[in-house]
Amino acid sequence: MQSVRTPDDRFDDVPDFPYAPNYSEIPDAEGGTLRVAWVTDGPQDADPVLMLHGEPSWSYLYRKMIPILADAGHRVVCPDLVGFGRSDKPTRIGDHTYARHVEWMRALLFDEIDLRNVTLVGQDWGGLIGLRLAAEHPDRFARLVVANTGLPNGEQPMAEIWWRFREAITTAPEINVGWFVQGGCRQQISDEVRAGYDAPFPSDEYCAGPRAMPGLVPTSPDDPAAEANKAAWSKLAASPTPMLVAFSDGDPITGPMGAIFQREMRGAQGIEHPVIRGAGHFLQEDAGEELAGHIVEFLRR
């Protein structure tokens, strides 16, 4: 598998992200390896809070939340998905599959870092991948936080705005990731922050991951990931693992999933679920401090 690695100096001027990367080598599924980046903060002997980003962002998305959770006494772990952030970037769109992304994160989190008693925080693809891991490895997880995400199996219609996003990011001659992130926010973000989201992608050679991910979302029942997602949903629906549903009030892509999680997940029953107001799809950017506060309270309870 051919991959590229973003030069380190691309990250020198990223604002408000002082976390030095850790690196782990994992199998790439074709006989080689990929270097995956992750940052951590907080007491390293505490139970981990695993925060998984989605498309087309990277762990930078959690910069407002990491210090709040760390200061509350939790060990925070934020990886960059393969193809994003400081992680290696396979250069062919076909290198990216849903199953591979689940396995790549499993190899990092369990084989390399050996996380246990995990609280998952998953947004966008961070939920699509993280919830699969939680369903398939329930002994590793103690709590789940779902925030503007889902677990599609091809039977639910996707929002029209998502189809437009998919068309735009897969066909654009060049991808401006910072502007795509801005499009998913209610609040205006600065030029410097937009540049921070652009940093991992110096040219289109680095953008196979962002271009590939929308096409990996199951949109029909015969999608390769549909059956695995159905099975994962069934396991999670029956699981007593506590689940906090923390959706924003302004996400046109995954917004309806909040009520479905609350209604169908056994672990979500009897829990007061917040609504993050004034925030869009990327609620970590719009209201990260508020979301982190709800997670701290959930862990305290």
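Modeller: Let's start with Lys-64 and Glu-285, which form a salt bridge whose closest N and O atoms are 3.6 Å apart; the term stands for a side-chain nitrogen of Lys or Arg within 4 Å of a carboxyl oxygen of Asp or Glu. Lys-64 sits in the loop between E4 and helix H1 (66-71), while Glu-285 belongs to helix H10, so this pair ties together parts that are 221 residues apart in sequence. Helices (H or I, at least four residues) and strands (E, at least two) are DSSP runs, numbered from the N terminus.

Please keep in mind that this is a predicted model: local features need pLDDT of at least 70, side-chain atom pairs count only at pLDDT 80 or more, and totals for chains, interfaces and linings use all residues. Residues are numbered from 1 along each chain as its sequence is written, and side-chain values use heavy atoms, leaving out hydrogens and water.

How hidden are the two partners? Glu-285 is buried, at a relative accessible area of 4%, whereas Lys-64 is partly exposed, at 24%. Buried means under 20% relative accessible area, exposed over 50%, and partly exposed in between (1.4 Å probe, protein chains only). Arg-63 joins in too, as Arg-63, Lys-64 and Glu-285 are linked in a network of salt bridges.

The whole structure has 16 salt bridges. One of them joins Asp-88 and Arg-5, with the closest N and O atoms 2.7 Å apart. Asp-88 is in the loop between strand E5 (75-79) and strand E6 (89-90), and Arg-5 in the loop between strand E1 (3-4) and E2, so they tie together parts 83 residues apart in sequence. Asp-88 is buried at 3%, but Arg-5 is partly exposed at 40%.

Another salt bridge brings Arg-140 and Asp-114 together (2.9 Å, N to O). Arg-140 lies in the loop between H3 and E8, and Asp-114 in the loop between helix H2 (98-112) and E7, so this pair ties together parts 26 residues apart in sequence.

Several of these strands belong to an open sheet of seven, in the order E2-E3-E5-E4-E7-E8-E9, with mixed pairing. Two strands pair if DSSP finds at least two bridges between them. At the edges are strand E2 (22-27) and strand E9 (243-245), each pairing on one side only. E8 (residues 141-146) pairs with E9 in the parallel sense over three bridges, and there Leu-144 stands opposite Met-243 of E9. Helix H3 (residues 125-136) packs on the sheet, touching E4 (48-52), E7 (118-122) and E8. Contact here means heavy atoms within 4.5 Å.

Helix H10 (283-300) and helix H5 (177-183) are packed against by the buried residues of H6. In H6 (residues 191-198), those buried residues are Val-193, Arg-194, Gly-196 and Tyr-197. Seen down the axis of H6, they fall within an arc of 150°, so they line one face of the helix; the arc is that of the directions from the helix axis to the C-beta atoms. The face turned away carries the exposed residues Asp-191 and Glu-192. Arg-194 counts as buried at 8% relative accessibility. Leaving aside neighbours within four places in sequence, Arg-194 is in contact with Gly-178, Trp-179, Gln-182, Gln-188 and Ile-189.

Terms used: Axes fitted to C-alpha atoms, helices over the stretch in contact; angles between N-to-C directions.
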